[in-house]
Amino acid sequence: MNPISKGQHARHLSDAPTCTICRDGDALDFDFSFAFQPIIDIRARTVFAHEALVRGPRGEGAQFVLDQVTAANRYRFDQACRVKAIKTAARLGLASKVSINFLPNAIYRPEVCISTTLKAAQEYGFPVDRIVFETVEGEQIEDGKWLADVFREYQRIGFMTAIDDFGAGYAGLNLLADFQPDIIKLDMALVRNIASRNASQTIVRSVADICRQLGIQLIAEGVETLDEYLCLQDIGVELMQGYLLCKPLLENSLHDAEAVLPR
């Protein structure tokens, strides 16, 4: 996708409508931080992107934070995550793309709800075309067509889009027929023990072929063993994420780690 120009970016910001929730909503009554996990291009042996994963203020797991999200603060939490992820990525000087999980069910109107994100990207000087929006892992999508409409609006503005957990729930072929994202992330159930599971290998090969034909980049997440890595490499998957390569790293330790790439 071609990045939008500064002029287009400014027009989007100035033209973006606002709503009372954006303008008048209460601040969150809890804090959170991020860990970042790299997504590795194993062919180029470089970091393709960092996924921003929510954590507690002292590094507590994601569930510690998500347990505090309610129907009343869901929208505010989703907006706060977007802004803080962009601010943190800019502060850390990340040169890769940054993948931000979002809550599709917290969106009222895509063109309205994205305005805060656009303003944050401008304020912190983080290029829009290096921001990837992906659905939250395990998020129950209530309407596949609605998700496609949200993604379509994000692509129009200039963000990259990713369907997470491809092969589970709404994140499957019906959604793909209606909308082609920039990135697909395989459901981890297809990755687990793939080297010894012929059916999973056949399915992943087919998905990889579909992605090549549609111009979609494919990521295998949850890669934990060398056998999984080598099997996916043999299939032709070039983007991988998982504990075998690098665990999620808290903000203050991100620059101290190196991804481990098997030869």
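Let's start with Met-240: leaving aside residues up to four places away in sequence, Met-240 touches Pro-38, Ile-39, Ile-40, Ile-42, Ala-220, Val-223, Tyr-229, Leu-232, Gln-233 and Leu-245. Keep in mind that this is a predicted model.

Met-240 also belongs to the largest nonpolar core, which has 60 residues. Together with Phe-159 and Leu-232, Met-240 is among the residues with the most contacts inside that core. Another core, of 9 residues, lies apart from it, and its members include Val-132, Met-160, Ala-162 and Ile-219. In soluble globular proteins, nonpolar side chains tend to be buried together.

Now for the aromatic rings. The count comes to 11 aromatic pairs, and here are two of them:

| Pair | Centre to centre | Angle between planes | Type |
|---|---|---|---|
| Phe-151 and Phe-179 | 5.5 Å | 10° | stacked |
| Tyr-154 and Phe-159 | 6.1 Å | 65° | edge-to-face |

What does the pair of Phe-151 and Phe-179 tie together? Phe-151 sits in helix α7 (residues 144–157) and Phe-179 in the loop between α8 and β6 (183–186), so the pair joins parts that are 28 residues apart in sequence. Both Phe-151 and Phe-179 are buried. Tyr-154 is buried too, at 0% relative accessible area, and Phe-159 counts as buried with 0% relative accessibility.

Is Leu-173, in contrast, buried or exposed? Leu-173 counts as exposed because its relative accessibility is 57%, and exposed means over 50%. Leu-173 is found in helix α8 (residues 173–178). With Ile-210 and Leu-214, Leu-173 makes a nonpolar surface patch of about 260 Å².

Technical notes. Residues numbered from 1 in each chain as written. Predicted model: local features only at pLDDT ≥ 70, side-chain atom pairs only at ≥ 80, totals over all residues. Heavy atoms only, no water. Patch = residues over 30% accessible without salt bridge, like charges linked within 9 Å, V, L, I, M, F, W, Y side chains within 5 Å. Areas by Shrake-Rupley, 256 points an atom, 1.4 Å probe, with all protein chains shown as cover. Salt bridge = Lys/Arg side-chain N within 4 Å of Asp/Glu carboxyl O. Helix = DSSP H or I, 4+ residues; strand = E, 2+ residues; numbered from the N terminus. Buried < 20%, exposed > 50% of the residue type's maximum accessible area, 1.4 Å probe, protein only. Core = buried A, V, L, I, M, F, W, Y, C linked by side-chain atoms within 4.5 Å. Contact = heavy atoms within 4.5 Å. Phe/Tyr/Trp six-rings, centres within 6.5 Å; stacked < 30°, edge-to-face > 60°.
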